[in-house]
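Student: I'd like to go through the pockets and cores of this one. Can you put it up?
Tutor: Here it is.

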Amino acid sequence: MRAVIIANGIIGGFHPVIYPDDIVIAVDGGLRHCLELKLRPHTLIGDMDSLSPEEIDAITRSGILISRYPERKDHTDMELALNAARSLGASDIVLLGALGARWDMSIANILLLAAPELAGCRVRILDGMQEIALVRGGETHQFEGNAGDLLSLIPLRADAKNVCATGLEYPLNGETLHFSATRGVSNVFCGQTATVFLEEGLLLCVIQHFAEEPRL
């Protein structure tokens, strides 16, 4: 089951196809993106500080489920939406509008990919022609792209140990990528797939698609 979470940040020119079986979750002001994309969300989640009373009233009359939270809370609206997606059984989650002008919110949304509750779940942030995902220790992920696309592997929290990466111009074979170093940045797809494994640590994986629209 796939969930598409649409937040209030910037959505680039490309966005994935939304399938009929997808669960669409609007996060506060992300409701406006849903309306622009002609999507009817299954749920609206947040403290609603980005929506007018008129917009909230209209969505209430439409019959869409609203999960409203107080402004003073310990979790961001995005974290609440991710928890909701998991509770609904989603194992594949796509985030749109997760990045924007506020660096604090953008960084927090990226780091949410490392939440323990999301272990075993495929979670991606899409921002125009860029894609952000996370590989955890013991996992193998296959990424899709096109020859010439870039894949950056960035360690989080500590060194990423025994990293193996194939399908790239600069393959890795059981090597360590050090936290706060840049060796894994801007590797290049040789074809349409690249495979990444690491034994220990966390790797933030950022794909820059160039040649064609990504197959998402």
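Student: What volume does the largest pocket have?
Tutor: The largest pocket has about 460 Å³. This is a predicted model, where local features need pLDDT of at least 70, side-chain atom pairs count only at pLDDT 80 or more, and totals for chains, interfaces and linings use all residues. Residues are numbered from 1 along each chain as its sequence is written, and side-chain values use heavy atoms, with hydrogens and water left out.

Student: And what counts as a pocket?
Tutor: On a 1 Å grid over the protein atoms alone, with a 1.4 Å probe, a pocket is an open set of points with protein on both sides within 12 Å along at least five of seven lines; lining residues have an atom within 4 Å of a point. Points are joined across faces, edges and corners, and the volume is the space filled by probe spheres set on them.

Student: Which residues lie nearest the centre of the largest pocket?
Tutor: Asn8, Ser50, Asp77, Arg102 and Met105, out of 22 lining residues. Helix H3 (77-87) and helix H4 (103-111) are the elements giving two or more residues to that lining. Helices are DSSP runs of H or I with at least four residues, strands are E runs of at least two, and both are numbered from the N terminus.

Student: How does that lining divide by class?
Tutor: Seven nonpolar, nine polar and six charged. Ala, Val, Leu, Ile, Met, Phe, Trp, Tyr, Cys and Pro count as nonpolar, Asp, Glu, Lys and Arg as charged, and the others, Gly among them, as polar.

Student: What about the second largest pocket, by class?
Tutor: Its lining has nine nonpolar, one polar and no charged residues. The volume is about 220 Å³, and H4 supplies the largest share of the lining, four residues.

Student: Switching to packing: which residues touch the most other members of the largest nonpolar core?
Tutor: Ile5, Leu82, Ile93 and Leu95, in a core of 32 residues. Such a core is a set of buried Ala, Val, Leu, Ile, Met, Phe, Trp, Tyr and Cys residues joined through side-chain atoms within 4.5 Å; buried means under 20% relative accessible area with a 1.4 Å probe, protein chains only.

Student: Which element gives the most to it?
Tutor: H3, with six residues. A second, separate core has 18 residues, including Ala160 and Leu172.

Student: Is strand S3 buried or exposed on its two faces?
Tutor: Both faces of S3 (residues 43-46) are covered: Thr43 and Ile45 are buried on one side, Leu44 and Gly46 on the other.

Notes
Buried means under 20% relative accessible area, exposed over 50%, partly exposed in between (1.4 Å probe, protein chains only).
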